[in-house]
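Let's take a friendly look at how charged side chains pair up here. Please have the sequence and the 3D view open as you read.

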Amino acid sequence: MLRAVAPPPHSPARPARAAGPDRRRTSARTVLRSVLEHGPVARSTVARLTGLSPASVTGHCARLAELGLLREASAPRRSGGVGRPHLPLVDRSRLVVGGVHVAVPYTTAALLDLRGRVVAERRPPHPDTEPARVLERPAGGLAELLGRVPQRRPLGVGFAAGGWVDRAAGTVVDHPLPGWRDVPARTVLRARTGLPVHVDGHTRALADAERLFGRTARGGRSAPHLFAGNIVDAAFATHDEVHHGPRSQAGAIAHLPLAGGAEPCACGRTGCLQAELSERTLCRRAREAGVCDGRDPLHVVDAAAAGHPVAARLLRERARMVGRAVRLLTDVLNPESVIVTEIGVIHRPDCLAALRGELDPARAATVTPTSFPESTVEGRVPLGPRSAPGVRDPAGEPGALTLVAQPAGAVRQPHHPALRRRQLRRPAAPAAPGHRRR
């Protein structure tokens, strides 16, 4: 049992005051998150951790239990053997969420449990860059993975991609590397799986992963996340929410000028962040220097680990430029901490030191690598599911927590046979209207 500790006055666990269904949706998320983080845990402890009333916690727990997200332990635990018994609440490990992440060379399809742990995954290469064909493979891959774990029941699918991704519309508006424009990712995946689909940009999904499951951003009030892979972009979380902005355009930093940058950019200028920091640039420089074949940035890391001095220098130089990009973000945002996903910083302490060397000492100490080093190399991972159904709520999109907050919402019968066997049941309609995922 977790020792009951009251949250500090500004703890993000304490839900913001809001009116009507929005407040109930936030409270339901808060209860589930508290159980996921601290369970098994008594309802009275959940009330103290979240700042909600005991009656509110009991009501949310009842609905979460009806949806199969929580259950109470069969044997109650007593505090000192006297008084009313505490009934610990635990999440049901049989529930999973699907994840699809579109990277440049291939797409990852994965199943994760509600704690963000990978249950199964596969990474089919792209047959070509035509969106429908690219998305068809992970949709079939999810059905195949579910066939391997028949005891698991899917709640929904999280989709993440680089470029400009409109979360509310469920659309990849512009992804320059594969040449995608206005791709209705949510509609395509929902048609092929019959499950609720949450769509977001990969860096915002990764920022949510850090906020929910990471080492440093959990409970923090402000933390930008800088992603430097084939795509270079950023996300910013404050007070337990990732900022999206109108049409989810927040974090588009690819064409900000970088001090000391001289790499020509497709936009016609030189020194843009993405042109300078892209892994394609790193690979090209490694190829020109004779370090490796220059097709995979991990080959540069491997060469540096084997003692190749030029490879190590290229990685440190890139890390220093990433440090200058971090300085741009921190000068504008003044955050509590900064999280960086960059291949050199992930794998080499000298690269992290080079990055921090571009910042003043007090700020440098707040910069940390991603909490998911094995899952985020080159952005080729299922980032979406970590912020997918069962954890947060997309705007207006049905999913596990939408059903918590709006029990009358329906989840459609999955089309694929492997998904159809795990049909999601529609909960009973509430006695009163007003109840209602990211």
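## Burial and the predicted model

A residue is called buried when its relative accessible area is under 20%. Glu263 has a relative accessibility of 10%, so this residue counts as buried. Please keep in mind that this is a predicted model.

## Glu263 and its two arginines

Which side chains meet Glu263 in a salt bridge? One of them is Arg284, with an N to O distance of 2.5 Å. Glu263 sits in the loop between β13 (241-242) and α7 (273-277), while Arg284 belongs to helix α8 (residues 279-288), so this pair ties together parts that are 21 residues apart in sequence.

Arg285 is another partner of Glu263, at 3.0 Å from N to O. This pair, too, links distant parts of the chain, as Arg285 lies in helix α8 and Glu263 in the loop between β13 and α7, 22 residues apart. Both arginines are partly exposed: the relative accessible area is 26% for Arg284 and 27% for Arg285.

## Along helix α8

Arg284 also forms a salt bridge with Glu288, where the closest N and O atoms are 3.1 Å apart. Both residues of this pair lie in helix α8, four residues apart, or about one turn of the helix. Glu288 has 59% relative accessibility and therefore counts as exposed.

## One network

Through salt bridges that share partners, Glu263, Glu276, Arg284, Arg285 and Glu288 are joined into one network. In total, the structure holds 20 salt bridges.

Note on methods:
Residues are numbered from 1 along each chain as its sequence is written. This is a predicted model: local features need pLDDT of at least 70, side-chain atom pairs count only at pLDDT 80 or more; totals for chains, interfaces and linings use all residues. Side-chain values use heavy atoms; hydrogens and water are left out. A salt bridge is a side-chain nitrogen of Lys or Arg within 4 Å of a carboxyl oxygen of Asp or Glu. Helices (H or I, at least four residues) and strands (E, at least two) are DSSP runs, numbered from the N terminus. Buried means under 20% relative accessible area, exposed over 50%, partly exposed in between (1.4 Å probe, protein chains only).
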